[in-house]
Amino acid sequence: METDSVIEKYIKEFKSDDEKEKFFKKQGFILTEKSMERMALLIHYILYGVPVLFEGNTGTSKTRTALTACNYIKKFIKKEGGENERELIRYNLSAETKIDDIIAKYVSDQNSFIGLIVQNGPFVDAYVKGKIILFDEINLAPANVLQCIQQSLDNGFLSVETNGRCLLKFDKNPNFALVATQNPNKGAFAGKRQELGPEFLSRFQKIFFS
C-alpha cells in the first residue's frame, strides 16, 4: 500500500470515530495534520515489522507518539482470534550501554546449580516474543551496539558468542517491531552523538519531527 493511501486511511479513522478521538485526548496526543501523518505511518510500519527512526529535537513528542501508537494498536487493531496484545518495551540507550545490557548476561542466582542464570535483555525479550521495542537516543549508543542491532535485522537472529563460539541463539519473532528516536547531531548536540551511517540508516524508515 502506498504511503499516501496509508495516511489517508488512518486519518479518516482518527477523525471520524468519536472513540478514537477520545482515546487520543486521553493519551495527551494532539491531533494535527502533521501528527496524524506521523501516527498513521508509524502504526503501518509497526504492523508490517518495518524499523522506524524518529529524528527531532527534545520536546517534539517523539516518544509520546511511539507510546500512543502502541496503545492504539493494542486497543483498536485486532489480530485473528482476539486483541492485539503486543507489549511495548522502552529502553534508553547511552554511551555506556553494552551489548550484554540489551541481549543477555549472566546474573547470580542462589537457586541455580552453578549460582548463575542467563537473564535476557530487553532487545531479546522483544525480539523473541514479538514485542515492540522503543530505543530512545539511539545515536548515543556505541558502534558495537549499533552493529549488533543491524546484524539482527539483517540475519533474522540474535546470537551471543565467546571466542568465536555461539553460546546462545535467538530467532526473530515475525511480530517483532523496532522504533528508535534520536536528536539531530547539530546545534546544542553537535559532536555529542554518533553520526549514523547510511548502511545502518538504510534499515529504517525515517520520520522527522519539528
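**Ground rules**

I note that this is a predicted model, in which local features need pLDDT of at least 70 and side-chain atom pairs count only at pLDDT 80 or more, while totals for chains, interfaces and linings use all residues. Residues are numbered from 1 along each chain as its sequence is written, and side-chain values use heavy atoms, with hydrogens and water left out.

**Overall picture**

I read the secondary structure of the protein as eight helices and eleven strands. Of its 210 residues, 43% are buried, where buried means under 20% relative accessible area, exposed over 50%, and partly exposed in between (1.4 Å probe, protein chains only). I then looked at contacts, meaning heavy atoms within 4.5 Å: among those in the protein with a separation of 6 or more, 71% come from residues 24 or more positions apart.

I returned to Thr-65, which counts as buried because its relative accessibility is 2%. Leaving out residues up to four places away in sequence, I found that Thr-65 touches Phe-29, Met-39, Leu-42, Phe-54 and Phe-209. Thr-68 is also found in helix H4, and I list it as buried because its relative accessible area is 1%. With the same exclusion of residues up to four places away, Thr-68 touches Phe-23, Phe-24, Gln-27, Phe-29 and Met-39.

**H3 against H4**

I looked up the axes of H3 and H4, which come within 10 Å and cross at roughly 60°; axes are lines fitted to C-alpha atoms, for helices over the stretch in contact, and angles run from 0 to 180 degrees between N-to-C directions. H3 and H4 are therefore oblique to each other, given that angles under 35 degrees count as roughly parallel, over 145 as roughly antiparallel, 65 to 115 as roughly perpendicular and the rest as oblique. The crossing of H3 and H4 is right-handed, a term for the near helix being turned clockwise from the far one by less than a right angle, with anticlockwise giving left-handed. From H3, Met-39, Leu-42, Ile-43, Ile-46 and Leu-47 meet Thr-65, Ala-66, Thr-68, Ala-69, Cys-70, Tyr-72 and Ile-73 of H4. I sorted the residues of this contact into ten nonpolar, two polar and no charged, with Ala, Val, Leu, Ile, Met, Phe, Trp, Tyr, Cys and Pro counted as nonpolar, Asp, Glu, Lys and Arg as charged, and the others, Gly among them, as polar.

**H2 against H4**

I next took helix H2 (residues 18–27), which packs with helix H4 (residues 62–76) at an angle of about 140°, the axes being 11 Å apart. That angle makes H2 oblique to H4, and H2 passes H4 in a right-handed crossing. On the H2 side the contact is made by Glu-19, Lys-20, Phe-23, Phe-24 and Gln-27, and on the H4 side by Arg-64, Thr-68, Asn-71, Tyr-72, Lys-75 and Phe-76. I noted four nonpolar, three polar and four charged residues in the contact of H2 with H4.

**H1 against H3**

What angle do the axes of helix H1 and helix H3 cross at? For H1 (residues 3–16) and H3 (residues 33–47) I have roughly 110°, with the axes coming within 8 Å, which makes H1 roughly perpendicular to H3. H1 passes H3 in a right-handed crossing. The residues of the contact of H1 with H3 divide into twelve nonpolar, two polar and two charged.

Among the buried residues of H7 I listed Val-145, Cys-148, Ile-149 and Ser-152. H7 is followed by Gly-156, whose phi is positive, near 80°. Val-160 lies in strand S8 (residues 157–162) and is buried, with a relative accessible area of 19%.

Ser-61 sits in the loop between strand S1 (52–55) and H4, and counts as partly exposed at 37% relative accessibility.

Key: Helix = DSSP H or I, 4+ residues; strand = E, 2+ residues; numbered from the N terminus.
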